[in-house]
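Let's take a walk through a protein together. Have the sequence and the 3D view open side by side, and look for each spot as we get to it.

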Amino acid sequence: MNKQLSKSAVEMWAADAKVDTAIFAPEYVNHQAPLATGGTGAIDLATWATVVNTVHGAFSDLKVEILTQIAEGDRVATHWRFYGTNSGEYLGVPATGKAVSWTGVQIDRHANGKIAESWVVWDFFTLRSQLGLEGQD
């Protein structure tokens, strides 16, 4: 069950998915390096949902591929790949129309049948390079 919840959480990033916060604990914390909005840090559930919806607007055909999942105890590690086209503003930069593909790993901690906490590391630098944003702040 934990693997399915983690898979569902990652798949919410796909452009055709709806954000369903019911699978997360109310006190959910998402730690990202880097944050999808730039910088690094931790965000709460409401902020996470806003970020996901913003990415939906920036990559209107974004797809999610689950590459590997491993579960042990209350943790699930998911290695994923996102790919699509930059069709809307992202990080203050107008749409480029470029195809992009990047990977990442998310480790979720589960408690009481919900995702309580996530740690995400993803290849922001590849995404920036594919969008032609390297060297820009």
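This is a predicted model: local features need pLDDT of at least 70, side-chain atom pairs count only at pLDDT 80 or more; totals for chains, interfaces and linings use all residues.

Let's begin with the charged pairs. How many salt bridges does the structure hold? There are four, and we'll visit some of them. Start in helix H1, which covers residues 2-11. Here Glu-11 pairs up with Lys-7 in a salt bridge, and their closest N and O atoms are 3.0 Å apart.

Now hop over to the strands. Arg-81 makes a salt bridge with Glu-65, with 2.9 Å between the closest N and O atoms. Arg-81 belongs to strand S4 and Glu-65 to strand S3 (residues 63-72), so this pair ties together parts that lie 16 residues apart in sequence. Arg-81 is partly exposed, at 24% relative accessible area, and Glu-65 counts as partly exposed too, at 31%.

Another salt bridge joins the side chains of Glu-117 and Arg-109, at 3.2 Å from N to O. Are the two partners buried or exposed? Glu-117 has a relative accessible area of 17%, and buried means under 20%, so Glu-117 counts as buried. Arg-109, at 23%, is partly exposed.

Go back to strand S4, which spans residues 75-85, and find Thr-78. Thr-78 is buried, with 0% relative accessibility. What is around it? Leaving out residues up to four places away in sequence, Thr-78 touches several others, including Ser-6, Val-10, Ile-66, Gly-104 and Val-105. Gln-69 is on that list of contacts as well, and the side chains of Thr-78 and Gln-69 are joined by a polar contact of 3.0 Å.

One of those neighbours of Thr-78, Val-105, leads us to our last stop. Val-105 lies in strand S5, which runs over residues 99-111. Val-105 is partly exposed, at 35% relative accessible area.

Methods:
Residues are numbered from 1 along each chain as its sequence is written. Side-chain values use heavy atoms; hydrogens and water are left out. Helices (H or I, at least four residues) and strands (E, at least two) are DSSP runs, numbered from the N terminus. Buried means under 20% relative accessible area, exposed over 50%, partly exposed in between (1.4 Å probe, protein chains only). A polar contact is a pair of N or O atoms within 3.5 Å; within protein, one must be able to donate a hydrogen and the other to accept it, and residues adjacent in sequence count only if both atoms are side-chain atoms. Contact means heavy atoms within 4.5 Å.
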